[in-house]
Amino acid sequence: MSVTFVLARATNGVIGAGGKLPWHLPADLRHFKALTTGRAMVMGRKTFESFPAPLPGRRHIVLTRDRGWTAAGAEVVHDPAAALRIAGAHVAVIGGAEIFALYLSRADAIELTEIHVAPEGDAVVPAFTGWREVSREDHSAEGTRPAYSFVRLER
């Protein structure tokens, strides 16, 4: 089984603010779609609820402590091992911060969009230490959109 984190993270570690991304980068959204389409995605309830609807072409495995929670398009599980058991051979872990912490020791790779700003936010993921950078694609700021980099990290 391969477990890949897919996330965008600001310079200060922020990944979210009030259930939303604190930036708007269409290129990052396209990158996310390319990396997750056709795969099972493991996420927390709040991440699932941040989508306007389930994302097409992907399985949504939602890890939640709430035994009564259900939602159309979500495969609900209540422990991290159960999510991996049903996910199949290749799983994308997409957040939030608590979910990343739960799976950090199981991750093989991280597809990270580094957002070169430091916004305020309430969801934070620490820097990934002990990982080897295997690729980087830098993009300059344009208008109100910050500079960003697509980075792949491996163990």
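This is a predicted model: local features need pLDDT of at least 70, side-chain atom pairs count only at pLDDT 80 or more; totals for chains, interfaces and linings use all residues.
Local features require pLDDT of at least 70 and side-chain atom pairs pLDDT 80 or more, whereas totals for chains, interfaces and linings use all residues. Residues are numbered from 1 along each chain as its sequence is written, and side-chain values use heavy atoms, with hydrogens and water left out.

Helix α1 spans residues 26–36; helices (H or I, at least four residues) and strands (E, at least two) are DSSP runs numbered from the N terminus. Within α1, Ala27, Asp28, His31, Phe32 and Thr36 are buried (under 20% relative accessible area, with exposed being over 50% and partly exposed in between; 1.4 Å probe, protein chains only). These buried residues line one face of the helix, because they fall within an arc of 155° when seen down the axis of α1, the arc being that of the directions from the helix axis to the C-beta atoms. Exposed Arg30 and Ala34 lie on the face turned away from the buried side. The cover of the buried residues includes β1 (2–10), β3 (40–44), β6 (90–95), β7 (109–115) and β10 (148–154). Just after α1, Gly38 adopts a positive phi of about 85°.

A nonpolar core is a set of buried Ala, Val, Leu, Ile, Met, Phe, Trp, Tyr and Cys residues joined through side-chain atoms within 4.5 Å. The largest such core has 26 residues, of which Phe5, Leu7, Val42, Val93, Tyr103, Ile110 and Phe128 touch the most other members. Its largest share, four residues, is supplied by α3. Apart from this core lies another, of 12 residues, including Phe32, Met43, Leu55 and Ala74.

Terms used
Contact means heavy atoms within 4.5 Å.
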